[in-house]
Amino acid sequence: MTRENLINLILAMLLLAVPVAANWLGQPFYVTLATRVAILALAATGLNLALGLGGLVSFGHAAFFGLGGYVAGILASHGFSGEPLVFGFSGTNQMWVIWPVAVVLAGLVGLAIGAISLRTSGVYFIMITLAFAQMVYYFAVSWPAYGGEDGLSILVRNQFPGVMTMRPMSFFLICYVILLTGIGLFAVIRASRFGSALQAARQNEVRVATVGIQPYRIRLTGFIVSAMMTGLAGALFADLNRFVSPSMLSWHMSGELIVLIILGGTGRLFGPLAGAALYVAFEYALGGITERWQFFLGLILLLVVLFARGGLLGLLAGRARHG
Amino acid sequence: MKKLLAAATLALSVSTSGLAFAEPLKIGMITTLSGGGAGLGIDTRDGFMLAIKNSGNKDVTVVTEDDAQKPELAVQIADKMIQSDQVDILTGIVWSNLLMAVAPSAVAQGKFYVSTNAAPAALAGANCNKLYFNAAYQNDNLHEAMGEYANKSYKKMFILAPNYPAGKDSLTGFKRYYKGELASEVYTQVGQTDYAAEIAQMRASGADGIFVFLPGGMGIAFMKQFAQSGVKIPVMGPGFSFSQDVLPAIGDAALGAKASGQWAPDFDNEASKKFLADFQKEYGRLPSIYAVQAYDAAQLILSAAAKATVKDADAFGAELRKADIKSPRGKFKFNTNQHPIQDIYLTEVVKQNGVLTNKTVEKIFTDHKDAYAKDCKI
Amino acid sequence: MTLALALEQLLNGLQLGVMLFLMAAGLTLIFGVMGLINLAHGSLYMVGAFACATVAAWTGSFWIGLVASLACAAAAGALVELLIIRRLYDRDHLDQVLATFALILMFSEGMRWLFGSFPLYLDIPPLLQGAVPLPGGTEYPVYRLAIIAAGAAVAFGLYMLISRTRLGMRIRAGESDREMIGALGVDIRTLYTVVFALGAALAGLAGALVGALQSVQVGMGEPVLILAFVVIVIGGIGSIKGALLGALLVGVTDTMGRFLLPKILALFVPPAQAGMIGGAAASMLIYIVMALILAVKPRGLFPAAHA
């Protein structure tokens with residue numbers, strides 16, 4: 001077992017051990033906090049597919065995150081009120097229905113955004129993904145049907161057969177299992193022919209094109225899968241907060257997702273989890289110490305970018321094998 | 001003699017709330033202390049803490065945390081306060097969207113929520129809750145008052161608000177009472193900072209009055225730009241458009257603007273004078289309407305805690321509903337949906353001793369209730 | 001709708017465009033010369049506005065405040081460049097985005113630390129108060145005309161600076177071949193600091209000019225920053241000419257969209273709904289325009305040579 005794999009294993013066990021211990025000690029809030037870590041890590045793992053493997057710096061992944069959240073919120077509100085949704089479909093409070101809908105919709109929007117954005121590259125790509133996310137954001141703020149700026153409350157957390165989702169520990173376990181599945185999927189993709197092509201397209205576009213692979217198609221596929229995973233995380237996040245609002249779509253959210261990846265270590269399998277854990281811990285600890293916590297959070301981020309290249313995992317496990 | 005009596009009752013009320021409670025009380029305050037909207041949160045916190053300090057009560061602890069105006073963060077803090085700090089009551093949120101994220105789930109977990117400002121229609125009607133109280137108003141109230149006032153002297157109004165739920169509630173509230181003609185009804189982007197396009201439409205509209213609801217920085221930008229535009233149509237708005245937190249930044253451009261409010265610094269009652277003096281002594285500035293609302297929220301909580309334990313939700317709620325406080329606003333009662341019944345006044349921005357402030361002009365509504373109470377079944 | 005109103009709205013669009021140009025010019029210059037993407041540009045805009053408001057309150061003169069805003073923003077820019085930014089030039093855009101995102105957090109909270117949470121007061125100087133008549137019987141604020149004039153002057157000044165001076169020659173050389181001018185003995189580190197400070201001063205100027213019209217408060221730079229990015233992406237990153245045309249296009253499109261869309265919709269639906277839906281559509285309009293332009297020209301209207 002390599003050193004990085006050992007650290008990954010420890011991280012995965014820690015994320016399970018902390019809430020179990022907290023639950024046992026009667027501190028359910030830390031279970032909630034761990035759930036937040038798991039969900040943010042899933043969202044960032046999705047982004048890591050595009051950003052870490054494909055080198056596609058998307059500054060608009062909040063669009064998919066928020067979209068997933070709104071799928072959960074809108075289906076739940078229709079399920080609650082009994083009013084039919086479009087095309088005669090009715091709402092639902094069943095997570096196993098909500099998740100596929102969130103994934104498919106995020107994928108479709110990912111296709112639309114990716115198809116245009118991937119015609120550009122470099123800074124243009126960063127900015128056009130930001131612009132698309134802003135477009136979705138303003139739409140959500142101004143569209144009155146689902147609460148606009150006020151957002152949408154999910155009064156009772158959505159259901160999963162056989163699980164009491166309102167209990168923090170049960171909901172955490174759902175998220176934990178999905179996170180591990182997502183990380184597993186990331187590993188499978190990275191090792192696959194498709195994953196190799198995606199990474200090759202990042203490292204040398206010309207060489208990839210000469211061996212007959214179209215970088216555009218590979219990247220678009222990668223971008224769509226990335227959007228789907230982030231969308232699923234959004235649906236879980238809405239259920240965690242029992243609330244969804246346009247702030248899930250804001251550019252600060254997109255920035256935070258990037259931050260998580262870099263804090264943990266770009267392109268690394270467990271980078272997003274390490275980053276999410278660190279970020280939530282900072283936010284929680286600093287928020288308790290000082291009103292000026294955003295200043296210190298910025299300072300820490302800056303120091304990590306300048307002096308700790310490779311993020312937390314880079315520090316612990318040494319340089320990544322791939323560039 | 002009257003004054004003496006008032007002073008005596010005040011002293012009495014202070015001394016009763018100075019008594020120790022049957023059980024210690026823990027209050028969680030979630031408010032905005034960082035970012036662009038921090039001014040409102042700071043006034044909320046300071047007003048609230050002033051009442052706690054004045055009571056001299058040692059059995060109350062207040063845990064305060066910053067929500068940075070982010071709904072997700074507010075939810076996380078609320079979870080922490082409920083699950084970890086074990087607070088009995090939550091309060092302090094300034095913004096409707098954050099309140100909608102926190103309050104429904106807090107009351108579902110059996111905690112009281114006493115709102116110091118935000119009062120969305122969604123929580124005042126059919127979805128009201130016996131654990132949810134609002135010490136400020138219902139969102140529509142101040143806009144309704146301006147609609148009523150506009151009936152008197154204006155025939156063709158131009159009305160404008162940001163394109164979000166509170167903005168829509170605002171114009172709906174205004175139109176509920178305003179009977180004249182509408183020149184135009186315009187919704188602007190949330191956070192918009194340039195209003196040249198809208199001011200040009202006002203000039204061309206032939207309106208004889210303008211009603212704007214633009215809280216915070218949006219209102220500052222609008223008033224400054226309007227003053228430079230050469231358009232001479234009178235501007236009016238709800239109280240928060242010209243509250244003490246924004247007036248210094250607008251400057252003389254606000255002079256003469258008419259607004260509606262449940263309180264102004266020139267209110268002639270003992271509670272108001274004492275509040276004003278105490279607040280200025282403690283913090284060295286004039287309080288805004290948010291400070292008054294938070295001050296009353298704290299007084300309400302203290303008054304109920306003096307007579308019942310918060311562990312007995314029915315008894316505590318019943319004491320809260322009595323609203324046995326000396327509000328700087330003068331009269332204060334709760335309606336059946338636990339939102340205030342109060343008088344609403346017309347105020348005007350004036351300059352006194354070089355400081356911009358609001359002066360009371362006349363009473364618009366007596367014992368005003370909101371339009372949603374009839375749908376509330378508590 | 002009268003012709004006079006349409007003319008007034010066109011002027012409004014122009015003025016918004018000029019203001020965006022002041023922001024976008026600095027951004028695009030910094031990217032063109034150093035290849036750096038600077039999210040903290042909006043923070044320098046905020047520094048300019050705060051400096052102007054504070055100094056104007058001390059001295060009673062807007063003009064001294066304006067000078068102070070240029071000086072403070074340039075100084076803040078130079079300081080940030082020396083301490084942080086220069087470590088980022090040879091990093092990828094990802095690191096630059098993240099580091100400057102961190103700077104936004106620090107600047108915003110730092111300003112609140114220094115100046116408190118309440119918006120500051122900054123008024124238009126007496127000389128530029130009031131409104132002048134326009135053809136067609138309406139009036140237009142003098143101050144907004146002054147902003148248009150200031151923007152035109154800055155555009156002209158930048159053109160002269162870049163095409164006629166030694167510094168401009170170096171900037172052009174730096175844009176086309178970074179290693180070459182280093183090899184030719186130009187002190188490239190100083191050049192970068194100067195260019196960054198110049199960009200920062202332009203942002204500070206924009207902040208001070210706009211601060212008199214708007215609310216001087218923490219976070220005021222962020223909405224402008226995103227618009228400025230839209231502008232330089234439309235114009236072609238690194239191109240000053242592109243920034244100017246992009247800024248005017250965005251300014252006029254946004255203003256006209258806010259003005260016309262609700263009116264067009266009102267022909268089909270009730271006015272209250274037209275206002276809401278039109279408002280929603282108008283706020284998305286410039287992003288739609290940007291997506292369309294990039295779909296056709298992926299590197300903007302005036303692609304810079306190397307970017």
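A residue is called buried when its relative accessible area is under 20%, exposed when that area is over 50%, and partly exposed in between. A:C175 has 2% relative accessibility and therefore counts as buried. The model discussed here is a predicted one.

**Cysteines**

Over all chains, the whole structure holds 1 disulfide. The bond runs between B:C128 and B:C376, with an S to S distance of 2.0 Å. Its two ends lie in distant parts of the chain, 248 residues apart: B:C128 sits in the loop between β4 (112-115) and β5 (132-134) of chain B, and B:C376 in the segment after β13 (355-368) of chain B. The link is right-handed, with 90 degrees about the S-S bond. Both B:C128 and B:C376 are buried.

C:C72 has its closest cysteine sulfur in C:C52, at 9.9 Å, which is too far for a bond, because a disulfide needs sulfur atoms within 2.5 Å. The table gives relative accessibility for two cysteines.

| Residue | Relative accessibility | Class |
|---|---|---|
| A:C175 | 2% | buried |
| C:C72 | 35% | partly exposed |

**Helix pair in chain B**

Helix α7 (residues 196-205) and helix α8 (residues 217-228) of chain B have axes that come within 10 Å and cross at roughly 50 degrees. α7(B) is therefore oblique to α8(B). The crossing of α7(B) and α8(B) is right-handed. On the α7(B) side the contact involves B:A196, B:I199 and B:M202, which meet B:F222, B:Q225 and B:F226 of α8(B). Sorted by class, this contact between α7(B) and α8(B) has 5 nonpolar residues, 1 polar residue and no charged residues.

Technical notes. Residues numbered from 1 in each chain as written. Chains lettered and ligands numbered in written order. Predicted model: local features only at pLDDT ≥ 70, side-chain atom pairs only at ≥ 80, totals over all residues. Heavy atoms only, no water. Axes fitted to C-alpha atoms, helices over the stretch in contact; angles between N-to-C directions. Helix = DSSP H or I, 4+ residues; strand = E, 2+ residues; numbered from the N terminus. Parallel < 35°, antiparallel > 145°, perpendicular 65-115°, else oblique. Left-handed = near helix turned anticlockwise from the far one by under 90°. Contact = heavy atoms within 4.5 Å. Nonpolar A, V, L, I, M, F, W, Y, C, P; charged D, E, K, R; others polar. Buried < 20%, exposed > 50% of the residue type's maximum accessible area, 1.4 Å probe, protein only.
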